[in-house]
There are 2 protein chains.
Amino acid sequence: METCGASPLRPRERIIKTARDLFRKHGIRGVGVDTIAEQAGTNKMTLYRHFGSKDDLIIACLQDFANDAEAFWQSIEMSHPDSPMAQIHEWVRIVSECALDDLRGCDMANAAVELAEDAHPARHVIEEFKMAQRNRLAQLCRDAGIEKADQLADTLCLLIEGARVNMQSVGLEGPGARFISLAEDVIAAFAREKPERKPATLHRHASAKIKGRGQLHAPLPAANRA
Amino acid sequence: METCGASPLRPRERIIKTARDLFRKHGIRGVGVDTIAEQAGTNKMTLYRHFGSKDDLIIACLQDFANDAEAFWQSIEMSHPDSPMAQIHEWVRIVSECALDDLRGCDMANAAVELAEDAHPARHVIEEFKMAQRNRLAQLCRDAGIEKADQLADTLCLLIEGARVNMQSVGLEGPGARFISLAEDVIAAFAREKPERKPATLHRHASAKIKGRGQLHAPLPAANRA
DNA sequence: GAGGGGTGTTACCGGTCAGTAACAAAGCGC
DNA sequence: GCGCTTTGTTACTGACCGGTAACACCCCTC
């Protein structure tokens, strides 16, 4: 019956993994500490020795989630070490794959929905995480030589965020399931725009070689609005 | 202390309005039926006479929300009766205004997050609503003579959905708050693409006059992807 | 083998939850 | 006025919730 009962992990890690799993499946408010402890192959007392309250456990889960995201970014970087543009495409691919895996959306965003109180201690964890993700993507866009890097990052952020929440509402029938295609089109449109002058200095892990697919298109006037 | 206590509305309507308000503020699972009844200036028994269960009340709230959305679409249509493109811009404007009003996102999407069980009776209400909204927007895009109308509708859907959930996580500092600008750029890029041949027959409320702002831009090659 | 930290077990607390029973009162059409 | 429907009031149930107390146990280290 337990999900991590026979595991070599220490109770603390089992509790976090189990809690993340149950929170994701049933919602944070939809699962109690007793259930978490039992499913983790331990008991409520041990849980409360490691986490002073359910809120503490929630925060620990979100931080564990953030750690996973960190590893995800490193894998992205290693997949195409010298092509930021290829990393962007890899980001689209993997992030879409994760969203399609189950249809329960983003744990951070879900937590923001469920923990509605402004003062909830988890909220600043969520806020910092979301901002960091966006900035990381924006940096990647800059490294790729995208002229309007911040705008592309903003657009991609909203697209994936929207895709995750949309799939939670309508499953695979809605626009969320078509995220890859939509995102790639947006990237192509942004990559088509002419870079400033010098072919974009890479800010991080500098590499002069820019060979992203988007760069192969002919430059077109900026799609700026009024 | 009550929100609708002195209102001329009948208890049923007061309960629905109050429940919607409280659900939105504190989350569906974050407020009990006692609180709802009291805040609505009535009592739990009357609540349970009108709604057999809390789930029934939730569904009634979501349907009430859908009614409001219907009125919203009609106001959009009346704002620019003969210009679908202008209606799209109006849609962007109002939808963004609503999202910025409070930062609690979309009631339907929030409900999908909180009511995680696949079999929950509210889920098909949510699903139908979300699909109907997307299709309505897609029809508007077709009426506006957008070549890739469905793709634009999908993109705009994900952008606004993402904006709402993003603002719930990071407030006004993140990309969600820049939705209008991002959406307008996307619309401009799609409107710039050359319409098929004949200047797009209007399917509903036919009007030959197409004078949306996006049409003023020079036509550009399609932003199609691989 | 003694000690101690981490863990398990059981029982409990007060609070809140969704939902119900029984009865009283008020409004309203006739 | 009468009668019916709607509403209000109080009290209750049983379940579950987050959190704690007290005590026993196991395993590792010295």
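Student: Which residue of chain B forms a salt bridge with Asp154(A)?

Tutor: Keep in mind that this is a predicted model. Across the interface of chain A and chain B, the rule finds two salt bridges. In the one that involves Asp154(A), the closest N and O atoms are 2.6 Å apart, and the partner is Arg178(B).

Student: Which element gives the largest share of the side of chain A that touches chain B?

Tutor: Start with the elements that give two or more residues to that side: α1 (11-26), α6 (107-114), α7 (123-143), α8 (149-170) and α9 (179-192) of chain A. The largest share is 14 residues, and it comes from α8(A).

Student: And by class, how many charged residues does the side of chain A that touches chain B have?

Tutor: Go through the classes one by one. There are 20 nonpolar residues and 14 polar ones on that side, and the charged residues number 16.

Student: What area is buried between chain A and chain B?

Tutor: First, who takes part: 50 residues from chain A and 49 residues from chain B. Carbon and sulfur atoms give 63% of the buried area. The total comes to about 4,300 Å².

Student: What kind of axis relates chain A to chain B?

Tutor: Chain A can be laid on chain B with an RMSD of 0.0 Å, using a turn of 180 degrees and a shift of 0.0 Å along the axis. So the relation is that of a two-fold axis.

Student: Why do the copies meet through the same surface?

Tutor: Compare the interface residues of the two chains. Those of chain A are also interface residues in chain B in 96% of cases, so the copies meet through the same surface.

Student: Which residue of chain A comes closest to the rotation axis?

Tutor: Here you go by the C-alpha position. The distance to the axis is 1.8 Å, and the residue is Gly162(A).

Student: Inside chain A, how many residues apart in sequence are the parts tied together by Asp68(A) and Arg20(A)?

Tutor: The side chains of these two meet in a salt bridge at 2.9 Å, N to O. Asp68(A) lies in helix α4 (residues 54-79) and Arg20(A) in helix α1, both of chain A, so the pair ties together parts whose separation in sequence is 48 residues.

Student: What pLDDT does chain A average?

Tutor: In chain A, 82% of the residues score at least 70. Residues 1-7 are below 50, and so are residues 196-226. The average for chain A is 87.

How values were computed. Residues numbered from 1 in each chain as written. Chains lettered and ligands numbered in written order. Predicted model: local features only at pLDDT ≥ 70, side-chain atom pairs only at ≥ 80, totals over all residues. Heavy atoms only, no water. Least-squares fit on C-alpha atoms with pLDDT ≥ 70 in both. Contact = heavy atoms within 4.5 Å. Buried area = accessible area lost by both parts, 1.4 Å probe. Salt bridge = Lys/Arg side-chain N within 4 Å of Asp/Glu carboxyl O. Helix = DSSP H or I, 4+ residues; strand = E, 2+ residues; numbered from the N terminus. Nonpolar A, V, L, I, M, F, W, Y, C, P; charged D, E, K, R; others polar. pLDDT = per-residue confidence, 0-100.
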